[in-house]
Amino acid sequence: MSQPIIKAENISFSYNLTPVLHSISINISKGEFIGIIGPNGSGKSTLLKLLGGVLTADSGNFSFNGTDYREHKRKQLARSITWVAQDHPMVFPFKVSEVVLMGRHPYLSPFTFEGEEDIEIVKNAMERTQTLQFAQRGFNEISGGEKQRVMIAGAIAQEPDVMILDEPTSALDIKYQIQILNILKQLNEDEGMTVILAMHDLHLASKFCDRLILLDHGQVFQDGSPEEVLRKEHIEKVYGIEVQIIRDQGGKIIISPVTLCTQ
Amino acid sequence: MNHTLNKQKHYVTIIGLFFLLFVVTLLITPMIGPTDINLGKALSNDIPFKENVDANIMFLARVPRIFLAALTGAALSVAGAVFQSLLRNDLAAPFTLGVSSGAALGAVIAISLGLSYTIFGISTVPIAAFLGALGAITLVFSLARTRTGEFPTTVLLLAGVTANFFFAAMVMFIHYLSDFTQSFRIVRWLMGGLDITDYKTLLSICPMIVIGFVTLMFISRDLNLMSTGIQSAMSRGVDTVKTQKIGFLMASLLTGTVVAVSGPIGFVGLIVPHIIRLIVGPDLRLLLPASIFFGASFLILCDTVARTIIAPTEIPVGIITAMLGGPFFVWLLKRPKT
């Protein structure tokens with residue numbers, strides 16, 4: 001395995017004295033497609049924000065390409081790592097194209113406009129995410145799935161090595177979920193982009209991810225291939241429900257609850 | 001497609017049009033007033049200036065007042081737009097946040113303590129007003145911010161109202177302790193007026209206003225990103241702490257400087273950014289310069305109404321902007337959100 005692109009050692013984090021993550025250690029290599037799974041409140045979002053550099057850990061070492069996160073300048077880090085939020089409240093009536101153009105921010109000097117090259121990059125990003133057709137519409141006028149694709153287009157325009165996404169598929173129907181995962185998979189396969197995303201759907205996680213990290217109460221419970229992580233005993237322990245493992249046509253794991261009726 | 005994505009192409013045209021509006025306003029409004037003046041006579045060199053009544057009205061009464069209206073309108077509009085972005089709430093403005101009354105308190109303290117002397121060419125009153133404005137925004141910012149870093153409308157407005165009441169009470173207290181002449185001056189000034197000014201005052205506030213404008217234009221793209229969320233902005237490479245500090249500092253400088261001279265003129269900083277946003281969109285690279293010219297024109301026109309509507313009596317311009325701003329604010333609160 002090559003030198004890890006992101007290295008986290010003994011990371012701990014608390015929100016106002018409430019501990020969220022305890023001594024987490026993860027190495028991430030270039031080109032991986034990693035799913036972060038775990039129950040609500042297990043610390044997925046926080047871990048992703050730390051990986052994305054939008055939160056700073058209380059203790060532990062966090063390095064990107066061998067250098068501590070805090071030693072990278074904001075703009076410099078933004079050229080390598082991008083983090084996409086779960087939802088996208090927008091107070092002001094920015095157009096879709098303007099939101100994607102914001103992805104070019106780390107490459108521009110103060111008070112300049114995007115040049116022809118930036119516009120070309122943004123157009124490509126919008127084509128890949130099939131958002132170009134509504135480029136001139138208001139961001140607040142489009143659907144949740146479309147918004148998510150627009151934000152991913154903005155992240156692509158940032159030309160990062162690592163893309164981190166906080167539950168990009170959770171609020172979407174199955175068609176949009178697959179659409180978004182396909183876009184990410186393509187980026188990963190065509191350009192070797194490292195993708196790290198939080199997910200709730202364990203079947204889709206087993207289908208799309210090469211590696212899964214299962215969090216439980218702010219700690220890494222399991223870290224490995226979907227086959228290693230998605231075992232009956234692991235899921236039952238962490239989620240506290242009785243499950244059975246089923247296989248889909250491609251042999252991928254489906255987690256199904258055993259008891260359907262409620263007491 | 002490239003054409004519609006590329007903003008730079010429209011930039012000069014859009015800003016040029018707003019500049020044109022400003023120039024036209026500047027040329028027309030000195031002619032309007034309770035006394036008719038003869039332009040030919042006012043600009044004539046044949047009559048000595050002291051004896052030329054038309055020139056006196058034009059250049060000693062109207063023109064400085066119009067320039068002060070321009071500076072005040074522009075500064076309050078830009079400050080409003082910046083507060084709105086940093087707080088991610090389009091109801092934020094110097095007046096609604098209590099920043100204007102904080103500035104007023106600073107200025108009133110400086111005036112009543114007899115501190116109005118000049119250091120290095122800068123009067124202490126604008127500095128006191130700037131500190132008051134900065135104190136107010138710091139207070140409102142820390143009161144209204146939720147744990148997740150958002151600024152919900154209800155909380156923000158309540159914090160603004162609280163700050164307003166508090167500063168108003170302090171001003172009233174000082175007012176109560178002051179003698180009759182001082183008291184009259186304070187009341188008249190608090191109503192917001194542009195009539196007591198001269199070229200020296202205008203020149204003394206120019207540097208601070210220019211510094212404010214230039215610095216804010218410099219961080220305008222960072223401010224755009226801040227308005228989409230702190231963490232998203234970080235992930236796009238914005239140094240959010242620095243942007244927040246510079247933004248609040250400069251918006252307070254603009255507010256404090258003009259409030260020190262013109263009094264707390266309300267609602268300009270709320271109305272102008274909204275109108276401009278409807279015309280040029282929310283991108284601050286366009287919105288800020290457009291707000292400078294439109295805000296200047298807007299307050300000049302409001303002041304022209306103020307000095308002519310019940311001529312020969314002139315009413316403080318703050319009354320006109322509040323009469324326009326009140327209903328506008330209600331409309332903003334009640335409008336359907338998409």
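Me: How many bridges join strand 1 of chain A to strand 2 of chain A?
Reply: Happy to start there, keeping in mind that this is a predicted model. Strand 1 covers residues 6–15 of chain A, and it runs antiparallel to strand 2 of chain A. One of the pairs sets Ile11(A) against Ile24(A) in strand 2. The number of bridges joining the two strands is 7.

Me: In what order do the 4 strands of the open sheet with antiparallel pairing in chain A lie?
Reply: Let's come in from the edges, which are strand 2 (18–28) and strand 5 (67–68) of chain A, each pairing on one side only. The pairing in this open sheet of chain A is antiparallel. The order of its strands is 2-1-4-5.

Me: Which strands are at the edges of the open sheet of 6 strands in chain A?
Reply: This sheet of chain A has mixed pairing and the order 6-7-8-3-9-10. On average its neighbouring strands are turned by 15° against each other, direction ignored. The edge strands, each pairing on one side only, are strand 6 and strand 10 (219–224) of chain A.

Me: Do strand 7 and strand 8 of chain A pair in the parallel or the antiparallel sense?
Reply: Strand 7 holds residues 162–165 of chain A and strand 8 holds residues 194–198. Val162(A) stands opposite Thr194(A) in strand 8. Over 4 bridges, the sense of the pairing is parallel.

Me: At about what angle does helix 1 of chain A run to strand 8 of chain A?
Reply: Helix 1 of chain A lies across strand 3 (33–37), strand 6, strand 7, strand 8 and strand 9 (211–216) of chain A. Relative to strand 8 of chain A, the helix runs at about 150°.

Me: Which element gives the largest share of the largest nonpolar core?
Reply: This core has 169 residues, and those touching the most other members are Ile36(A), Val100(A), Ile164(A), Ile196(A), Val78(B) and Ala107(B). The largest share is 15 residues, and it comes from helix 4 (residues 53–86) of chain B.

Me: Why does this core lie between domain 1 and domain 2 of chain A?
Reply: Chain A is divided into domain 1 (1–80 + 161–226) and domain 2 (90–159). The core lies between them because both give residues to it: domain 1 and domain 2 of chain A.

Me: Which residues does Ile164(A) touch, not counting residues up to four places away in sequence?
Reply: Ile164(A) is one of the core residues that touch the most other members. With residues up to four places away in sequence set aside, its contacts are Leu48(A), Leu51(A), Gly52(A), Ile81(A), Thr82(A), Trp83(A), Val84(A) and Ile196(A).

Me: Which helix gives the most to the side of domain 1 of chain A that touches domain 2 of chain A?
Reply: The centres of the two domains of chain A, taken over C-alpha atoms, are separated by 23 Å. Their contact takes 11 residues from domain 1 and 12 residues from domain 2. On the domain 1 side, there are 9 nonpolar, no polar and 2 charged residues. The most, 4 residues, is given by helix 6 of chain A.

Me: How many nonpolar residues are on the side of chain A that touches chain B?
Reply: The contact takes 33 residues from chain A and 34 residues from chain B. Among the elements of chain A that each supply at least two residues are helix 1 (44–52) and helix 4 (116–128). By class, the chain A side has 8 polar and 6 charged residues, while its nonpolar residues number 19.

Me: Is Glu167(A) buried or exposed?
Reply: Glu167(A) is in the loop between strand 7 and helix 6 of chain A. Its phi is positive, about 45°, although it is not a glycine. A residue counts as buried if 20 or more other C-beta atoms lie within 10 Å of its own. Glu167(A) has 21 C-beta neighbours inside 10 Å, so it counts as buried.

Me: What is the count of buried residues in strand 11 of chain A?
Reply: Strand 11 (residues 243–247) of chain A is joined by 5 bridges to strand 12 (residues 253–257), and the two run antiparallel. In their hairpin, which has 5 residues between the strands, Gly251(A) takes a positive phi near 85°. Strand 11 is hardly covered: among its 5 residues, the count of buried residues is 0.

Definitions and conventions: Residues are numbered from 1 along each chain as its sequence is written. Chains are lettered from A and ligands numbered from 1 in the order in which they are written. This is a predicted model: local features need pLDDT of at least 70, side-chain atom pairs count only at pLDDT 80 or more; totals for chains, interfaces and linings use all residues. Two strands pair if DSSP finds at least two bridges between them. A nonpolar core is a set of buried Ala, Val, Leu, Ile, Met, Phe, Trp, Tyr and Cys residues joined through C-beta atoms within 7 Å. A residue is buried if 20 or more other C-beta atoms lie within 10 Å of its own, exposed if 12 or fewer, and partly exposed in between; C-beta atoms are placed from the backbone. Domain bounds come from an automatic or database domain assignment. Two residues are in contact if their C-beta atoms, placed from the backbone, lie within 7 Å. Ala, Val, Leu, Ile, Met, Phe, Trp, Tyr, Cys and Pro count as nonpolar, Asp, Glu, Lys and Arg as charged, and the others, Gly among them, as polar. Axes are lines fitted to C-alpha atoms, for helices over the stretch in contact, and angles run from 0 to 180 degrees between N-to-C directions.
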